[in-house]
Amino acid sequence: MNELIIELTEISPRDFFGLQNANIDLLKKYFPKLKIVARGSKIRAYGDEEILEEFDTRLTMLLEHFAKYNKLDENEIERILQSESKEDYETPPSSNEVLVHGVNGKLIKAQTANQRKLVNLMSKNDMVFAVGPAGTGKTYTGVALAVKALKEKQVKRIILTRPAVEAGENLGFLPGDLKEKLDPYMQPLYDALRDMVPHEKLESHIEKGVIQIAPLAFMRGRTLDNAFVILDEAQNTTHAQMKMFLTRMGKNAKFMITGDPGQIDLPRRVISGLKEALLVLKDVDGVGMIYLDDKDVIRHRLVKKVIAAYKAIENVD
């Protein structure tokens, strides 16, 4: 049996190993065919030479990441262990900038490789599709980019919209007027904004129409210029709705379309406008597309496991 010994010299073994060796336990799950022992400042691994070489490469990537950022959590470890290259998880200096200085000094940045690619795509294209499962930061990153553009006077207003299709519910049975019915449905957009814009300023922006949050039907007949426009939950648009929205684009406008094709709430046999648009526009110059996946999930670590579990049953014929 082959043996590999790696000694930690310039970083704290206790911090790198994690609380009660949690990081080492995660390594063991990813390399079940190796016997891995962490004691003192050394990590010993025993097994086949080919697997040891892969382990050596991955461990070096983890050590370099830890040395640079002085932290290593479960999400970061999984991203590094699943990445094909350093570019997939590393933060280039140019894309590590703070997007927005949020409320109470919160620094809002792109946190994963694909989120950074989204930021980069948005800087190069006027229309970008960001597609992926829940919790991958599509909407949040988009709202941050919109607030940044508004603060830097690149646009004069932010428009956030969603198709009013409910996940198994019916707005008609909810109490209150139209605004009261729709506000809970638009809540994720309000939540993101509240992280980034102080309360009084947000209320003032909404009152003056600088920030508009409205259902997709309200976009009909409008020309959206000098605006950063986000269509959220776009998987629930029909062909007609998506075409209507995309053709609202006016001068000096940025359009971002986010959605999760795995969570379509449309009636059966109705084709998702998002799925169709991704096919129709894939070769159009000036349109960017980014596909986020479970490696980009930045919610509770269990969200990633929930996505994987559902993906497993949904892929069964």
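Predicted model: local features only at pLDDT ≥ 70, side-chain atom pairs only at ≥ 80, totals over all residues.

Visitor: How many salt bridges does the structure hold?

Guide: Side chains of opposite charge can pair when their charged atoms come close. The cut-off applied here is a Lys or Arg side-chain nitrogen within 4 Å of a carboxyl oxygen of Asp or Glu. The number of salt bridges in the structure is eight.

Visitor: Which residue forms a salt bridge with glutamate 152, and is that partner, lysine 148, buried or exposed?

Guide: The closest N and O atoms of glutamate 152 and its partner are 3.3 Å apart. Glutamate 152 is partly exposed, because its relative accessibility is 44%. The partner is lysine 148, and its relative accessible area of 18% makes lysine 148 buried.

Visitor: How many residues apart are arginine 157 and aspartate 225?

Guide: These two side chains meet in a salt bridge with an N to O distance of 3.3 Å. The pair joins distant parts of the chain, with arginine 157 in strand S7 (residues 157-162) and aspartate 225 in the loop between strand S8 (211-215) and strand S9 (227-231); their separation is 68 residues.

Visitor: Which residues are linked with Arg162 in a network of salt bridges?

Guide: Aspartate 232 pairs with arginine 162, their closest N and O atoms lying 2.9 Å apart. This pair also links distant parts of the chain: arginine 162 belongs to strand S7, while aspartate 232 sits in the loop between S9 and helix H10 (239-246), 70 residues apart. Arginine 162 is buried at 7%, and aspartate 232 is buried at 3%. The residues in the network with Arg162 are Asp232 and Glu233.

Visitor: What is the phi of glutamate 233?

Guide: Most residues other than glycine have a negative phi. Glutamate 233, located in the loop between S9 and H10, is partly exposed at 23% relative accessibility. Although not a glycine, glutamate 233 has a positive phi of about 55 degrees.

Visitor: What relative accessible area does arginine 269 have?

Guide: Arginine 269 has a positive phi of about 70 degrees, although it is not a glycine. Its place is the loop between strand S10 (254-259) and helix H11 (273-280). Arginine 269 is exposed, and its relative accessible area is 83%.

Visitor: Within what arc do the buried residues of H8 fall?

Guide: Helix H8 spans residues 187-196, and its buried residues are Leu189, Tyr190, Ala192, Leu193 and Met196. They line one face of the helix, because, seen down the axis of H8, they fall within an arc of 160 degrees.

Visitor: Within what arc do the buried residues of H2 fall?

Guide: In helix H2 (residues 22-30), the buried residues are Asn23, Ile24, Leu26 and Leu27. They too line one face, since the view down the axis of H2 places them within an arc of 155 degrees.

Visitor: Which residues gather with Asp48 in a patch of negative charge on the surface?

Guide: Aspartate 48 is in the loop between strand S3 (42-47) and helix H3 (49-69). Its relative accessible area of 51% makes aspartate 48 exposed. Gathered with Asp48 in the patch are Glu49, Glu50, Glu53 and Asp56.

Key:
Residues numbered from 1 in each chain as written. Heavy atoms only, no water. Patch = residues over 30% accessible without salt bridge, like charges linked within 9 Å, V, L, I, M, F, W, Y side chains within 5 Å. Areas by Shrake-Rupley, 256 points an atom, 1.4 Å probe, with all protein chains shown as cover. Lys, Arg positive; Asp, Glu negative; His and termini not counted. Charge placed at Lys NZ, Arg CZ, Asp CG, Glu CD. Helix = DSSP H or I, 4+ residues; strand = E, 2+ residues; numbered from the N terminus. Buried < 20%, exposed > 50% of the residue type's maximum accessible area, 1.4 Å probe, protein only. Arc of directions from axis to C-beta.
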